Amino acid sequence: GTNYIVVKGFLTGTTDRVFILGTQNNTSVYINGVQVTTLNIGQTYTYNFSTTNAAYIETTNPVYVLQLSGFGCEVGYSIIPQIECSGSSEVSFTRSTSNPLHITLIVPQGGEGSFLLNNLPGIINSSSFSDVPSTSGLWKYAQITFTETQIPIGITTKISNTSDRFHLGFIHGNTNNGCRFGYFSDFAKYKF
């Protein structure tokens, strides 16, 4: 794709990294509205999170985006979904351990108040969302930590949105025993 949103995880310091892989020559890469490089086929640009918790990536040709994130020094990798005309109206997953569980939600403006957790409103609130940099408020993101009471171990959990498609990623683990990191929303691009 050509449009991506990445959200910083919980690695120590500025260890979170985003790798952007060019698939065509002369691909200009913009992060938060600033051109940072031009890629050719097979070239990779590495972005380090510094002062922001989220970044908006735009490119002039399709690219792949991979993020390194996790907890402390425990790392995981995830392919990041492109945001235009993709996403899910509901995503189901299962919490595997009692380790901290952080859910990342990315949604177009207007959808941030329409989330349900297991069909219940009021658990994921619009006040948890922030504007994605350089999107003029058209995209929102939230990173929410869920307790075992809210999302029990071994029970299938469903997060849905009644008004818009969204992307859901999670970081699950801790600094002592590893990290599970991935995006589970639909990566497919819808053509209307």
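Which residues does threonine 59 touch, not counting residues up to four places away in sequence? In this predicted model, where local features need pLDDT of at least 70, side-chain atom pairs count only at pLDDT 80 or more, and totals for chains, interfaces and linings use all residues, threonine 59 touches Gly1, Thr2, Thr27, Ser28 and Val29, a touch being a contact of heavy atoms within 4.5 Å. Residues are numbered from 1 along each chain as its sequence is written, and side-chain values use heavy atoms, with hydrogens and water left out.

Threonine 59 lies in strand β7 (residues 54-59), strands being DSSP runs of E of at least two residues, numbered from the N terminus. Threonine 59 is buried, at a relative accessible area of 10% (buried means under 20%, exposed over 50%, and partly exposed in between, with a 1.4 Å probe and protein chains only). A polar atom of the threonine 59 side chain lies 2.7 Å from the backbone oxygen of asparagine 61.

Serine 78, in strand β9 (residues 74-79), is likewise buried, with a relative accessible area of 5%, and its side chain reaches the backbone nitrogen of tyrosine 183 at 3.4 Å. Beyond its neighbours within four places in sequence, serine 78 is in contact with Val65, Leu66, Gln67, Phe181, Gly182 and Tyr183.

Arginine 180, by contrast, counts as partly exposed because its relative accessibility is 30%; this residue lies in strand β17 (residues 178-183). The side chains of arginine 180 and serine 96 are joined by a polar contact of 3.4 Å, that is, a pair of N or O atoms within 3.5 Å, of which, within protein, one must be able to donate a hydrogen and the other to accept it, residues adjacent in sequence counting only if both atoms are side-chain atoms.

Methods
Helices (H or I, at least four residues) and strands (E, at least two) are DSSP runs, numbered from the N terminus.
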